[in-house]
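Here is a short report on one protein model. Keep the structure in view as you read, and find each part as it is named.

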Amino acid sequence: MAARVMMATAVDKTPSRIAGMFDAIAPRYDLLNHLLSAGLDRRWRDRAVDALGLAPGSRVVDLCTGTGDLAIATVRRADRASVVGVDFAGEMLRLAAIKVRGGGLGGRIRLARGDAARIPLADRSCDAATVAFGIRNVAEPQPVLAEIARVLRPGGRLAILEFGQPRLPGIKTLYAWYFRYGLPLIGRLVSRHQSAYSYLPASVGAFPPPPEFVRAIGSEGFTNVRAVSLTLGIVYLYTADRR
Ligand SMILES: C[S@@+](CC[C@H](N)C(=O)[O-])C[C@H]1O[C@@H](n2cnc3c(N)ncnc32)[C@H](O)[C@@H]1O
């Protein structure tokens, strides 16, 4: 029986609410990403791309692509790779399109407005799939994992980045304080959005712990599922191969 991804506490993930929230913070999204992670977010995305070990010319789908940073990192790091970036927040995609055009990457990155639970691509049409800091936001991760399995060819690779919670004593307490108080305050001041940066720690707290999410991935037709802790467990990189 497929392992179900359980949410520890209720966080409102109604798609229209999530899309509206990201549309509202879109203009400050990139700035806050770099600021709140002290620039580490770029390194985490590069690690995810490198973990895919893409062959030249690979076709990749980047779900919850947002402002496109992972899609852009993918085509910059992987020889002749092409990416379809999917997101349901129009304003995030509009900013992604500006960056893609500005970087002269229009021939390699296509952006599509859509829901990760209904990927607008054919069965077995992708060599790899990525999701950076998006899976925690979807209403139900399990059907999204099943959709990813549908569009990947056998042997296709999956890389998912998601926030975790450091477990090292000392670091755990410091980070918990930053995540609970510092980050929401900075996020609110810079984005001028009242709840988006309180939702972030709440949604991370409600996300399944790595061993449980590894089982959820494995139950949807993936093998070699691994969770690698990055930056003391602040982020986890999940990788897997489509059977
Ligand atoms: C935290 S942002 C991550 C953006 C980008 N991947 C990055 O690394 O910066 C999460 C994104 O997921 C999108 N999203 C959440 N649930 C989604 C869904 N079910 N289908 C499509 N996009 C979704 C949001 O609109 C938002 O742009």
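Strands S4 and S5 pair in the parallel sense, over six bridges. Two strands count as paired if DSSP finds at least two bridges between them. Helices (H or I, at least four residues) and strands (E, at least two) are DSSP runs, numbered from the N terminus. In S5, Leu161 is the bridge partner of Ala132.

The model is predicted: local features need pLDDT of at least 70, side-chain atom pairs count only at pLDDT 80 or more, and totals for chains, interfaces and linings use all residues. Residues are numbered from 1 along each chain as its sequence is written.

**The sheet**

S4 also pairs with S1 in the parallel sense, over four bridges. There, Val61 stands opposite Ala129 in S4. S5 has a further link: seven bridges join S5 (residues 152-163) to S7, and these two strands run antiparallel. Phe163 stands opposite Val235 in S7. Strands of a sheet pair through backbone hydrogen bonds, either parallel or antiparallel.

| Strand pair | Sense | Bridges |
|---|---|---|
| S1 and S4 | parallel | four bridges |
| S4 and S5 | parallel | six bridges |
| S5 and S7 | antiparallel | seven bridges |

What is the order of the strands in the open sheet? The seven strands follow the order S3-S2-S1-S4-S5-S7-S6, with mixed pairing. S3 and S6 stand at the edges, each with a single partner strand, so one side of each is left without a neighbour in the sheet. Neighbouring strands are turned by 15° against each other on average, direction ignored. Such angles run from 0 to 180 degrees between N-to-C directions, and axes are lines fitted to C-alpha atoms, for helices over the stretch in contact.

Two helices pack on this sheet. H2 touches S4, S5, S6 and S7, and its direction makes about 160° with that of S5. H5 (residues 141-151) touches S1, S4, S5, S6 and S7, and its direction makes about 145° with that of S5. Contact between two residues means that their C-beta atoms, placed from the backbone, lie within 7 Å.

**Buried parts**

Is S4 largely enclosed or left open? Seven of the seven residues of S4 are buried, so this strand is largely enclosed by the rest of the structure. A residue is buried if 20 or more other C-beta atoms lie within 10 Å of its own, exposed if 12 or fewer, and partly exposed in between; C-beta atoms are placed from the backbone.

Helix H3 (69-77) is also largely enclosed, because seven of its nine residues are buried. The buried residues are Asp69, Leu70, Ala71, Ile72, Ala73, Thr74 and Val75. Their cover includes helices H2 (40-52) and H4 (90-102), and strands S1 (59-63), S2, S3 (109-113) and S4 (126-132).

**Two helices side by side**

Two packed helices are described by the angle between their axes and the distance between the axes. The axes of H1 and H4 come within 7 Å and cross at roughly 30°. Phe22, Asp23, Ala26 and Tyr29 in H1 meet Gly90, Glu91, Met92 and Leu95 in H4. The residues of this contact divide into five nonpolar, one polar and two charged. Ala, Val, Leu, Ile, Met, Phe, Trp, Tyr, Cys and Pro count as nonpolar, Asp, Glu, Lys and Arg as charged, and the others, Gly among them, as polar.

**Around the ligand**

Which residues come nearest to the ligand? Of the 23 residues around the ligand, they are Cys64, Gly66, Ala89, Ala116 and Ala132. A residue is near a molecule if its C-beta atom, placed from the backbone, lies within 6 Å of it. H1 (15-36), H3 and S2 (82-87) each supply at least two residues of this shell. The largest share, five residues, comes from H1. By class, the shell has 15 nonpolar, five polar and three charged residues.

Asn224 is found in S6 (residues 222-230). Its phi is near 50°, a positive value in a residue other than glycine. Asn224 is exposed, with 12 other C-beta atoms within 10 Å.

Thr231 lies in the loop between S6 and S7 (235-242). Phi of Thr231 is also positive, near 50°. Thr231 is partly exposed, with 16 other C-beta atoms within 10 Å.
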